[in-house]
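The following exercises are to be worked through with the sequence and the coordinates at hand. Each task is followed by a solution in steps.

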Amino acid sequence: MPAPFPFDNSYARDLPGFYAPATPTPVTAPGLVKVNAPLAEELGLDPEALATPHAVEMFAGQHLPEGAEPIALAYAGHQFGQFTPQLGDGRAILLGEVVDRAGRRRDIQLKGSGPTPFSRRGDGRAALGPVLREYIVSEAMAALGIPTTRALAAVTTGEPVLRDRPLPGAVLARVAASHIRIGTFQFFAARKATDAVRQLADYTIARHYPELAGASEPYLALLNGVIGRQAALVARWLLVGFIHGVMNTDNMSVSGETIDYGPCAFMDAYDPETVFSSIDQMGRYAYGNQPDIAHWNLARLAECLIPLLGEDKEAAVAAANGALKDFPARFRAAYHSGLVAKIGLAAPDGVASEEDTTLALELLSVMAASKADFTLTFRRLGALAEDADAGGPVRDLFLDREAFDTWAARWRKRLAATGRDGAATRAAMDRVNPLFIPRNHLVEQVIAAATECDFAPFETLNTVLAHPFEEQPGFAAYAGLPPSMEGYQTFCGT
């Protein structure tokens with residue numbers, strides 16, 4: 001059989017000492033759940049070849065594909081604010097890298113493939129539920145246009161994993177721009193290994209920010225680049241109601257992708273204090289806290305880069321602080337422009353006016369008071385933008401309908417002042433307001449069915465979520481008001 005991956009493994013080649021060799025642990029009875037054919041083609045791979053029994057065994061860790069150099073990456077991290085100097089890939093093994101059809105370098109990683117030198121007494125395995133959750137949510141995020149790791153394949157292992165009870169085991173094949181995290185920098189900075197931090201920064205610039213290679217201050221430029229990408233990324237999370245759930249520094253990628261879908265979820269009723277993660281008892285990573293946490297995490301990256309910013313430490317700290325001070329404004333610009341677009345008032349230059357921003361934020365306040373569904377409010381608002389008599393479906397989402405009516409009257413007056421056609425406004429709103437998201441009850445239904453070896457609901461949900469902005473006849477139930485899930489919790493899967 002020809003090699004399924006044309007590997008070119010720059011991390012293993014260029015950064016010795018930044019990882020530990022690791023080999024996947026064979027399992028009892030590998031079984032294919034799904035190969036992501038569109039992603040495989042994007043990577044320049046043959047989807048049919050990846051679905052053969054030989055390839056399924058490879059995804060399960062039975063054998064290594066030709067050219068693989070399996071490694072577990074070293075990193076540290078602040079977990080819920082507490083620093084741990086050594087974490088690392090405890091249940092993930094990087095097989096290698098491929099260059100896709102667009103010329104982008106992408107990691108191929110197995111998650112749940114057995115223990116590594118960083119497992120810290122863990123079993124290195126993954127249960128089927130968390131694997132399917134990451135597959136569903138990461139692919140939904142990609143369809144929403146949000147930078148994210150991707151799911152190439154999911155396989156079952158034929159072996160149970162022990163959590164609170166025995167659960168079926170699985171392995172996810174994950175694709176990422178890279179797996180370099182803020183925690184990767186922290187691992188070496190904590191050891192005062194400045195040369196290693198510099199080496200990692202140079203590699204990161206070459207791989208993710210090549211336009212900065214000739215900058216007069218490349219490491220400050222790198223910090224600014226990561227800040228910009230994270231500001232835009234977290235803004236996009238908030239605009240679709242996404243809650244990461246565990247924004248530790250080891251779960252924050254310097255490439256600007258969403259990574260590590262553990263106790264993640266999408267918000268139903270709008271409430272900035274929403275938390276789903278079972279381990280986030282204090283609400284540190286609540287929906288509305290995510291921008292501040294991203295800012296805090298970026299300050300930890302800045303600390304790692306201080307020795308690279310100049311010999312004068314005071315000046316280096318001042319330069320880093322100057323970059324960090326820009327984060328709130330960069331986040332607000334991205335968030336506010338996206339928010340006003342959601343109510344049909346996108347500015348031609350992409351800069352939201354103060355008036356329109358205030359109007360959009362006031363809608364959020366009315367939504368919070370009525371616990372209105374986040375996704376459906378914005379989606380149904382489009383119909384009211386087109387037709388003044390079509391307000392029933394969106395109005396019915398509010399407990400305080402008079403408060404909504406008062407806001408909607410001001411909003412329609414503002415829309416009229418733009419002179420735009422109502423149908424065109426609705427079309428523009430529908431392009432940024434999804435109809436279909438990975439609703440929590442749907443994800444749980446999929447996992448429950450899969451645990452009983454029924455993967456049909458998993459296939460159907462993925463099909464629907466691949467087109468989140470489009471009306472899909474026959475799938476209205478996937479876009480309806482969700483059932484109450486008060487007290488719903490998600491789990492990290494380890």
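A residue is called buried when its relative accessible area is under 20%, exposed when it is over 50%, and partly exposed in between. The model under study is predicted.

**Exercise 1. Classify the two partners of the salt bridge between Asp123 and Arg163, and locate each of them in the chain.**

Step 1. The side chains of Asp123 and Arg163 form a salt bridge with an N to O distance of 2.8 Å. This pair links distant parts of the chain, with Asp123 in the loop between β7 (105-111) and β8 (126-127) and Arg163 in the loop between β9 (150-162) and β10 (166-176), 40 residues apart.

Step 2. Asp123 has a relative accessible area of 34%, so Asp123 is partly exposed.

Step 3. Arg163 has a relative accessible area of 21% and is therefore partly exposed.

**Exercise 2. Determine whether Glu139 and Arg150 are buried or exposed, and state which elements their salt bridge links.**

Step 1. In the salt bridge of Glu139 with Arg150, the closest N and O atoms are 2.7 Å apart. Glu139 belongs to helix α5 (residues 128-143) and Arg150 to strand β9, and the pair links distant parts of the chain, 11 residues apart.

Step 2. Glu139 and Arg150 are both buried.

**Exercise 3. How many salt bridges does the model contain, and which residues are joined into one network by shared partners?**

Step 1. The count comes to 34 salt bridges.

Step 2. Salt bridges with shared partners join Asp8, Arg13, Asp14, Glu97, Arg105, Asp107 and Arg207 into one network.

**Exercise 4. Examine the phi angles of Asp260 and Lys371, and then compare where each residue lies.**

Step 1. Most residues other than glycine have a negative phi.

Step 2. Asp260, which is not a glycine, has a positive phi of about 65°. Lys371 is likewise a residue other than glycine, and its phi is positive, near 55°.

Step 3. Asp260 is in the loop between β11 (242-243) and β12 (265-266), whereas Lys371 is in the loop between α12 (354-370) and α13.

Step 4. With 10% relative accessibility, Asp260 counts as buried; with 45%, Lys371 counts as partly exposed.

**Exercise 5. Which residues are in contact with Asn251, and what does its side chain meet?**

Step 1. Asn251 lies in the loop between β11 and β12. Its relative accessible area is 13%, so Asn251 is buried.

Step 2. Apart from neighbours within four places in sequence, Asn251 is in contact with Arg181, His244, Val246, Ile259 and Asp260.

Step 3. A polar atom of the side chain of Asn251 lies 2.9 Å from the backbone oxygen of Val246.

Methods. Residues numbered from 1 in each chain as written. Predicted model: local features only at pLDDT ≥ 70, side-chain atom pairs only at ≥ 80, totals over all residues. Heavy atoms only, no water. Helix = DSSP H or I, 4+ residues; strand = E, 2+ residues; numbered from the N terminus. Buried < 20%, exposed > 50% of the residue type's maximum accessible area, 1.4 Å probe, protein only. Polar contact = N/O pair within 3.5 Å; in protein donor to acceptor, adjacent residues only side chain to side chain. Contact = heavy atoms within 4.5 Å. Salt bridge = Lys/Arg side-chain N within 4 Å of Asp/Glu carboxyl O.
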